[in-house]
Amino acid sequence: MARRNLFQPPPPPEAASTAAPAGEQKARFPNTGAMSGVKSTLKDVASNAVREISVDVIEENGPKDRLTFTDADVVALTESIKAHGQQVPIMVRPIADKPGHYKIVYGRRRLRALRSLGIPAKALVRSLSDEEAILAQGQENTQRLDPSFIEKALFATELATSGYEQAIILDALAVDKPMLSRMTKVARSIPKTIIEQIGSAHGIGRRRWEELADQSRSDSVDLEQITETLQFSAAKSSDDRFGLVSDAITQALKSKAPDKPAAPPTLSIKLSDGTALAEVKETARALTFKLSKSDAPEFAQWMRNNAEAELTRLYEAWQSEQEPD
């Protein structure tokens with residue numbers, strides 16, 4: 001599917017290179033096809049004009065590509081619009097069954113600021129399908145806002161749940177299939193309530209979110225129960241809140257892990273005169289003999305030369321003891 005650029009207005013119609021004879025002009029004037037073309041051109045021009053629309057007739061429902069924006073974000077933008085006016089228009093599309101009403105495509109933060117000021121919104125009005133609106137929303141926000149990994153993951157998952165085709169989601173987020181698969185895996189593994197508590201976490205990349213998703217799938221921990229005890233208010237940033245959750249679940253997994261049995265102590269073998277002959281160490285996977293080349297160098301060398309024969313003899317002696325009488 002070819003990606004459509006929804007931000008550039010269509011090129012103006014080319015002017016006729018030569019004027020037609022008067023009689024021919026008169027014959028063409030009532031032609032409905034030509035008049036339809038003129039109307040279509042005027043409609044295209046009008047659709048690219050910025051219009052002022054009451055904020056009361058603009059609805060904000062639909063898939064969200066950002067987790068949230070804070071009251072401080074809205075206040076700062078409100079002050080900027082109050083001082084300098086709305087510099088960047090929002091985009092809306094008409095609601096078919098509610099004449100005179102519109103649905104936001106992008107610019108939710110600007111719309112909130114305009115609502116607080118009680119002034120109309122400067123808006124581009126587009127008659128877009130659901131798929132085209134998603135493409136416009138994804139492209140504009142990726143270019144202007146740089147959403148975090150988890151925001152893109154939630155957006156992708158919401159679109160997939162709403163029934164959008166994979167090709168539309170890939171284009172809207174400008175990602176490939178493997179990355180989309182990773183995004184949806186993370187967003188579906190971690191409860192959305194916890195992601196919302198953490199926030200956008202712009203400093204936390206894909207790998208750390210994937211690690212948290214892997215940990216949250218463990219049957220030995222309840223991530224929601226763990227996060228109930230955390231003091232999110234003490235965290236200075238969204239990244240810090242992610243750190244609180246990550247550290248808490250890591251600690252919980254460690255506490256639930258079975259204790260490893262203590263390794264048997266090292267066995268020291270000495271001769272009657274106190275000479276160190278060998279050490280025997282045992283691990284879960286091996287039994288190791290260590291001969292002393294400093295205290296008994298000649299025996300160590302002899303054992304090196306006869307190890308195969310002696311170990312075979314010892315094994316056969318052990319085996320004969322296992323046979324029933």
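**Aromatic pairs and an open sheet**

F299 and W302 both sit in helix 13 (residues 297-322), three residues apart, about one turn of the helix. The model is predicted.

Me: Are the rings of F299 and W302 stacked or edge-to-face?
Reply: Their centres are 6.1 Å apart. Planes under 30 degrees apart count as stacked. The planes here stand at 20°, so the pair is stacked.

Me: Is F299 buried, partly exposed or exposed?
Reply: Buried means under 20% relative accessible area, and exposed means over 50%. F299 has 34% relative accessibility, so it counts as partly exposed.

Me: How are the rings of W209 and F242 arranged?
Reply: The centres lie 4.8 Å apart, with 65° between the planes. Planes over 60 degrees apart count as edge-to-face. The W209 and F242 pair is therefore edge-to-face.

Me: Which helices does the pair of W209 and F242 link?
Reply: The two residues are 33 apart and link distant parts of the chain. Both W209 and F242 are buried. W209 lies in helix 10 (residues 206-216), and F242 in helix 12 (residues 238-256).

Me: Which strands are the edge strands of the open sheet?
Reply: The sheet has five strands in the order 1-5-3-4-2, with mixed pairing. An edge strand pairs on one side only. The edges are strand 1 (50-53) and strand 2 (58-59).

Me: Which residue in strand 4 stands opposite R93?
Reply: Strand 3 (residues 90-94) and strand 4 (residues 102-106) run antiparallel, joined by four bridges. Opposite R93 stands K103.

How values were computed. Residues numbered from 1 in each chain as written. Predicted model: local features only at pLDDT ≥ 70, side-chain atom pairs only at ≥ 80, totals over all residues. Heavy atoms only, no water. Pairing = 2+ DSSP bridges. Phe/Tyr/Trp six-rings, centres within 6.5 Å; stacked < 30°, edge-to-face > 60°. Buried < 20%, exposed > 50% of the residue type's maximum accessible area, 1.4 Å probe, protein only.
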